[in-house]
Amino acid sequence: MRMLNTWGILFSHPNDFTPVCTTELAQVMKLMPEFNRLGVKVIALSCNSVESHVKWIEDIKSYASLTGQEFPYPIIEDKSRKLITLLGMLDPAERDQETGLPMSARAVYIIDPNKKMRLSILYPATTGRNFDEILRTIESLQLTEKYKVATPVNWKKGDDVMIDPSVSDEEAKKCYSDINTIYVPSGKTYMRVVPQPTDT
């Protein structure tokens, strides 16, 4: 699978047949309709072999309660650790019990259609990722790529947004008819709230 002119996420996990990783890849499997809706290609990556991935996928599908379905995204083998090292996804604190070699970290990269990394997050091995937050971030990135807005704290699709500070008040009035400027003690007018722009 190649990411040609699409959004994508590349995420690494420390090891196959481990509890946290199984829950994560199962959750991504469940969320694939949402990733597809957003036009996002999903690729997983670890230091385990393809043979290990193929066997482990059955556990992932079982945990996701999606047995009998085709696994919807690839898991790349990187036993040589070349790709993981190049991408900065190696965790020196996590070691393979058999070989003693460092394992891949619990990392996530969001990549835009121009192949530019737009977000990178590195989680501790003991902390599972929140893929609903990854989806929320992609929705924010796609929205703010199209419109001169920014999404505030805890924003969800459909919530109000902020006008980007680079937009002058004059330009904002031409673009948005319903601007709510929130008063702040400084008297500056940068807290400009508008409904989320839509194409319809």
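Author: Helix α1 bends by about 55° at Leu-31, and a proline, Pro-33, follows within four residues; the bend at a residue is the angle between axes fitted to the seven residues ending there and the seven starting there. This is a predicted model, in which local features need pLDDT of at least 70 and side-chain atom pairs count only at pLDDT 80 or more, while totals for chains, interfaces and linings use all residues. Residues are numbered from 1 along each chain as its sequence is written, and side-chain values use heavy atoms, with hydrogens and water left out.

The helix itself covers residues 19–37, where helices (H or I, at least four residues) and strands (E, at least two) are DSSP runs, numbered from the N terminus. With its 19 residues, α1 reaches 28 Å from its first C-alpha to its last, close to the 27 Å expected at 1.5 Å a residue; the expected span is 1.5 Å times one less than the number of residues. Just after α1, Gly-39 takes a positive phi of about 70°.

Which residues of α1 are buried? They are Cys-21, Thr-22, Glu-24, Leu-25, Ala-26, Val-28, Met-29, Leu-31, Met-32 and Phe-35, where buried means under 20% relative accessible area, exposed over 50%, and partly exposed in between, with a 1.4 Å probe and protein chains only. When you look along such a list, remember that an α-helix has 3.6 residues a turn, so residues three or four places apart point the same way. The buried residues of α1 pack against β1, β2, α2, β3 (75–77), β6 and α4, contact being heavy atoms within 4.5 Å.

Cys-21 has a relative accessible area of 1%, which is why it counts as buried. Not counting residues up to four places away in sequence, Cys-21 touches His-13, Pro-14, Asn-15, Trp-56 and Arg-106.

The other is Phe-35, which, leaving aside its neighbours within four places in sequence, is in contact with Ile-9, Val-28, Val-40, Val-42, Leu-135 and Ile-138. Phe-35 is also among the residues with the most contacts inside the largest nonpolar core, together with Ile-9, Phe-11 and Tyr-73, and that core has 32 residues; a nonpolar core is a set of buried Ala, Val, Leu, Ile, Met, Phe, Trp, Tyr and Cys residues joined through side-chain atoms within 4.5 Å. At least two residues of this core come from each of β1 (7–12), α1, β2 (40–46), α2 (50–63), β6 (106–111), β7 (117–123) and α4, and α1 gives the most, with eight residues.

Helix α4 (residues 131–146) has 16 residues and reaches 23 Å from its first C-alpha to its last, close to the 22 Å expected at 1.5 Å a residue. The buried residues of α4 include Leu-135 and Ile-138, and both of them are in contact with Phe-35.
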